[in-house]
Amino acid sequence: MIAEEIYDLVLDDLFIRVDQLAPGNSVLLKLEGLNPAGSVKLKTAVALVARAEETGRAFPRTRLIESTSGNLGVALAMVCAAKGYPLTCVTDPNANAPSVRLMKALGAEVVVIDVRDGNGGYLQSRINYIHERLAREPDTYWLNQYANPAGPRAHHDRTGRSIFEEIGHVDYVFIGAGTTGTLMGCAEFFRRHSPATRIVAVDAVGSVTFGGPPGRRHIPGLGTSRRPEILDAGKVDEVVLVPEADAVEMCRSLAESRGLLLGGSSGTVLSAVKGMAGEFPPGSVVVALSPDSGDRYLETVYDDSWVAARWPWLVYEEFPEISRAGA
């Protein structure tokens, strides 16, 4: 394949078996982390920027701005660098340091908001900052992944379609819920083309997306402290909330047992698959979406000190000599 631009290199047909998570069934993990931007968000970024271009605004005079926990910011920075568009990424202290460095390396301005919102997160605070910038800088345009229909449409046309065309019959699709663009796009596709497929939304404990109580979260990607406008919960069959400790344990286990270095969102999704395994009719075909790889989590999910400070039992179970030494 020869592409004109880096953002044209979207790999949408890569799956790996992880049947051990639900013995007696076929479990296929769709790997999105091998895209050039390192996550499923590359498709979202391309669609959001294209929608901005359709508004008739002058580019590159117009500055694009977006709130991001990391992956979308990297993808947008890659797309905007290739197009020569100025970009501001508004993030928070939970963003992985490697993601922030990547955004900056690709030419984006990065603003870190450290004031928590009313639900204990940073999302509304980030959005408030964006509104302030829009008020004082008229040549700034908010891409707004939380309400922009271009995001779900991209995953309807690409992500959902690729699962259906590559796998065929699918009984369950597990998709993580962050801004819910990927979830909504895939759900809409399967509702139209395979209505018997059950759509399982996976969220983090502490997220308010599906009405749960707010709580402090440490891993960027899944979960929100503000319900996204694009969410239509009626298109989802089930919602599974996963504690972050379980996601970390899944990531570290698969790294050691399968050589799969997955991101925190992927660990959350696969924890949900494992938790529901007993409910699958034998022989079910299950597809789980892995939105990102683990290279940006080496300083968090895969770092013993970072994990021990939050969930010490996970590290001590793996390395009991640490517990003995500490005693």
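This is a predicted model: local features need pLDDT of at least 70, side-chain atom pairs count only at pLDDT 80 or more; totals for chains, interfaces and linings use all residues.

Reader: Ok. How many salt bridges are there?

Author: The count comes to 19 salt bridges.

Reader: Which residue does D12 form a salt bridge with?

Author: The partner is K43, with the closest N and O atoms 2.8 Å apart.

Reader: What about K30, which side chain does it meet in a salt bridge?

Author: That's E32, at 2.6 Å from N to O. K30 counts as buried at 0% relative accessibility, and E32 is also buried at 0%.

Reader: Where's the R252 and D304 pair?

Author: Their side chains meet in a salt bridge at 2.5 Å, N to O. The pair links distant parts of the chain, with R252 in helix α7 (residues 244-258) and D304 in helix α9 (residues 304-310), 52 residues apart. R252 is buried with a relative accessible area of 5%, while D304 counts as partly exposed at 30%.

Reader: Which residues are linked in a network of salt bridges?

Author: One network links R63, E109, R133, R136 and E137.

Reader: Switching to rings. How many aromatic pairs does the structure hold?

Author: It holds 7 aromatic pairs. One of them is F164 with F190: the ring centres are 6.4 Å apart and the planes are at 80°, so the pair is edge-to-face. F164 lies in helix α5 (residues 150-167) and F190 in helix α6 (residues 181-193), so this contact ties together parts that are 26 residues apart in sequence.

Reader: What else does F190 pair with?

Author: F189, again edge-to-face, at 5.7 Å centre to centre with 80° between the planes. F164, F189 and F190 form one aromatic cluster. F190 is buried at 0% and F189 at 1%, whereas F164 is partly exposed at 28%.

Reader: Which charged residue lies over the face of Y146?

Author: R226 does, at 5.9 Å from the ring centre.

Reader: Last one: where does UniProt place a domain?

Author: The unreviewed entry puts "Tryptophan synthase beta chain-like PALP" at residues 18-291. Over that stretch the chain is 39% helix and 17% strand, with the end C-alpha atoms 16 Å apart.

Note on methods. Residues are numbered from 1 along each chain as its sequence is written. Side-chain values use heavy atoms; hydrogens and water are left out. A salt bridge is a side-chain nitrogen of Lys or Arg within 4 Å of a carboxyl oxygen of Asp or Glu. Buried means under 20% relative accessible area, exposed over 50%, partly exposed in between (1.4 Å probe, protein chains only). Helices (H or I, at least four residues) and strands (E, at least two) are DSSP runs, numbered from the N terminus. UniProt positions are given in the numbering used here, feature names are shortened, and annotations may be inferred rather than shown by experiment. Rings of Phe, Tyr and Trp (its six-membered ring) pair if their centres lie within 6.5 Å; planes under 30 degrees apart count as stacked, over 60 as edge-to-face and the rest as tilted. A charge sits over a ring if NZ of Lys or CZ of Arg is within 6 Å of the ring centre and within 35 degrees of the ring normal.
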